[in-house]
Amino acid sequence: MEIYIESVLIDNLVINSILLFLTAKILSYNFKKSRLMISSSFATIMSFVFPLFNLNSIILFVLKFLLGALIILMAFKINTFKDFIRLFFAFLILTAVMGGMCFMLCFAFKSTTQFSGGNLVYDGMPIGIVVIVVFVVCKLINDFIKYLRTKEKIKKFKFKTIIKNLGKEYNFMGFLDSGNILVDVLTQKPVIVIGIGVFKKIFNLSNEDIINGNFSLQNSRYIRINTATKLEKMLIFEVEEIVIEFEKPLKLQSPILGVALKNFKTQFDCDLLLNLKLVK
C-alpha cells in the first residue's frame with residue numbers, strides 16, 4: 001500500500017501539473033502558477049480518494065468527467081463558456097494521450113500492472129519513469145503545436161514569385177519579411193533577397209562557379225549591410241522582371257536582387273525574402 005500511495009501522490013501531482021500547463025500553452029491561455037498547483041493538488045487528492053470506494057466503471061467515468069471540469073474551473077480564470085469548452089476538451093485529449101502512454105509503459109515494464117479505482121498500480125516499477133515519459137511527450141506535443149502555429153503564420157505572408165531573366169521564367173515562393181527593408185542607395189529600389197539556391201538555379205551555376213566567380217551579372221555590385229554581429233557585403237544585381245502574386249499581382253521591371261549565402265527553406269519555407277517596401 002505504501003508504494004501505491006506514493007505512486008498516486010507523487011506521479012499524479014506532477015502529471016496533473018504538466019497536463020494543465022500544457023493545456024494552457026497549447027491554447028495560449030493565461031494562467032497563474034498558484035491556481036495550477038492548487039488544482040493539481042486537488043486532482044491528486046481525488047485520485048487517492050476514488051480507489052477507497054467500490055464504484056462501478058460507469059459511475060467512475062462520470063465522476064472523473066465531472067472532476068475534469070472542476071479541475072479546469074479551479075486552474076483557470078474562465079472568461080467565456082467557449083473558453084471553458086476549449087480548455088476542458090484540450091485537457092481531456094491530453095489526458096487520454098498521456099494515459100495511453102502510461103498504460104503502454106507500465107505494462108511494458110510490469111506485465112502484472114493492475115487497475116484500482118481507475119488508477120494504474122505499478123508496484124515494482126521505478127516511479128520516476130512515468131513522470132519522465134509524460135514530460136518528454138508533453139514537450140514533443142508542445143513543440144509540434146508551436147511548429148504548426150509558426151507554419152500557419154508564415155503561410156499568410158508567402159506569395160508565388162516569378163523571376164524572368166534572359167528569356168526564361170523561374171517560379172519560386174517568396175516570404176514578405178518585415179525585417180527586409182534593404183534599399184539600393186544608387187537606384188533607390190528595394191532589394192529582394194534570394195537564397196544561394198535561387199541564384200544557382202537562375203544562372204545555372206555550380207558551387208565551383210560561385211567560388212571561382214565564373215559568372216557575369218547585369219548591373220551587379222556590392223553593397224554594405226548591417227547584420228546582427230558585423231558589417232558585411234552583399235552582391236546585388238538586376239533581372240528583367242519579377243511578378244509577385246499578391247491579391248493584385250505586382251510587376252517590377254529591372255528589380256534588384258541581393259544574394260544571401262543561406263537557404264530560407266528551413267526558417268521560412270520559402271526561396272526568397274520579399275522587401276516590405278513593396279507593399280507600402
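## Valine 259 and its strand

Valine 259 sits in strand β10; helices here are DSSP runs of H or I with at least four residues, strands are runs of E with at least two, and both are numbered from the N terminus. This is a predicted model, in which local features need pLDDT of at least 70 and side-chain atom pairs count only at pLDDT 80 or more, while totals for chains, interfaces and linings use all residues. Residues are numbered from 1 along each chain as its sequence is written, and side-chain values use heavy atoms, with hydrogens and water left out.

Is valine 259 buried or exposed? With a relative accessibility of 10%, valine 259 counts as buried (buried is under 20% relative accessible area, exposed is over 50%, and partly exposed lies in between, with a 1.4 Å probe and protein chains only).

Which elements build the lining? At least two residues each come from α6 (196-203), β6 (221-226), β7 (231-238), β10 (256-260) and α8 (265-268). Strand β7 gives the largest share, four residues. By type, the lining has 18 nonpolar, five polar and four charged residues (Ala, Val, Leu, Ile, Met, Phe, Trp, Tyr, Cys and Pro are nonpolar, Asp, Glu, Lys and Arg are charged, and the others, Gly among them, are polar).

## Salt bridges

How many salt bridges does the structure hold? There are five, each a side-chain nitrogen of Lys or Arg within 4 Å of a carboxyl oxygen of Asp or Glu. One of them pairs aspartate 269 with lysine 158, with the closest N and O atoms 3.0 Å apart. This pair links distant parts of the chain, 111 residues apart: aspartate 269 is in the loop between α8 and β11 (272-275), and lysine 158 is in strand β3 (residues 158-165). Aspartate 269 is partly exposed at 33%, and lysine 158 is partly exposed at 22%.

Lysine 164 has two partners. Its side chain meets glutamate 169 at 3.6 Å, N to O, and glutamate 241 at 3.2 Å between the closest N and O atoms. Glutamate 241 lies in strand β8 (residues 241-244) and lysine 164 in strand β3, so this bridge ties together parts 77 residues apart in sequence. Shared partners join Lys164, Glu169 and Glu241 into one network. Glutamate 241 is buried at 13%, lysine 164 is partly exposed at 23%, and glutamate 169 is exposed at 53%.
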